[in-house]
Amino acid sequence: MRVTLADLGPLVERGVRGVAEEFAEACDAAFDDPVWGWTGTTRRQNGETVGSPRNIVDTGTLRDSRQPVEMAGASARLTWAADHAAATFLGAVFKDRAASLPARNLPRYVAQDFNFAEVFLRRSGLR
């Protein structure tokens, strides 16, 4: 395949969009992976009792709050709009509770096995 400099911009943008879309889909699927450690058992809002390891779906609010991929040139942004997204992904310490909320960084977990380069090349049309 012959690529000129004039062709490069659109190819990069298409590749980045493809990576972001496939990564977002992988994140959506990973919410159900029972890999998150937790001490003790918890009764979820839906009545389910869960131990450890477990998935990170309770009501589905966080999973369902993912916004469509936002593109700005060759940059992409994934956003989860639920109020507790940052606390879940990054962890939290509460002033009024003895316990803290450990991080369950789902995007990092997915990124460990996601082949960004392969997806970029395939989705850009370079492969």
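Six aromatic pairs turn up in this predicted model, counting Phe, Tyr and Trp rings (the six-membered one for Trp) whose centres lie within 6.5 Å. Planes under 30 degrees apart count as stacked, over 60 as edge-to-face, and the rest as tilted.

Select Phe31 and Phe89. Their ring centres are 6.4 Å apart and the planes meet at 50°, so this pair is tilted. Phe31 sits in the loop between helix 1 (5-30) and strand 1 (42-43), while Phe89 belongs to helix 3 (residues 85-90), 58 residues apart. Helices (H or I, at least four residues) and strands (E, at least two) are DSSP runs, numbered from the N terminus. Phe31 is buried at 0% relative accessibility; Phe89, at 8%, is buried too. Buried means under 20% relative accessible area, exposed over 50%, and partly exposed in between, with a 1.4 Å probe and protein chains only.

Next, pick Trp36 and Tyr109. The centres are 5.2 Å apart with planes at 65°, so the pair is edge-to-face. Trp36 is in the loop between helix 1 and strand 1, and Tyr109 is in helix 4 (residues 106-111), so the pair ties together parts 73 residues apart in sequence. Trp36 is buried at 10%, whereas Tyr109 is partly exposed at 23%.

Then show Phe23, Phe114 and Phe116, a cluster linked by ring pairs.

Return to Phe89. Beyond neighbours within four places in sequence, its contacts (heavy atoms within 4.5 Å) include Phe31, Leu62, Trp80 and Leu106.

Now colour the largest nonpolar core: buried Ala, Val, Leu, Ile, Met, Phe, Trp, Tyr and Cys residues joined through side-chain atoms within 4.5 Å. Of its 17 residues, Cys27, Phe31, Leu62, Trp80, Phe89, Leu106 and Val110 touch the most other members. Helix 1, helix 3 and helix 4 each supply at least two residues. Helix 1 gives the largest share, four.

Last stop: the largest pocket, about 480 Å³ in volume. A pocket is an open set of points on a 1 Å grid over the protein atoms alone where a 1.4 Å probe fits, with protein on both sides within 12 Å along at least five of seven lines. The volume is the space filled by probe spheres set on the points. Of 21 lining residues (an atom within 4 Å of a point), Ile56, Asp58, His84, Thr88 and Arg104 are closest to the centre. Helix 2 (61-64) and strand 1 each give two or more residues to the lining.

Residues are numbered from 1 along each chain as its sequence is written. Local features need pLDDT of at least 70, side-chain atom pairs count only at pLDDT 80 or more, totals for chains, interfaces and linings use all residues, and side-chain values use heavy atoms, without hydrogens and water.
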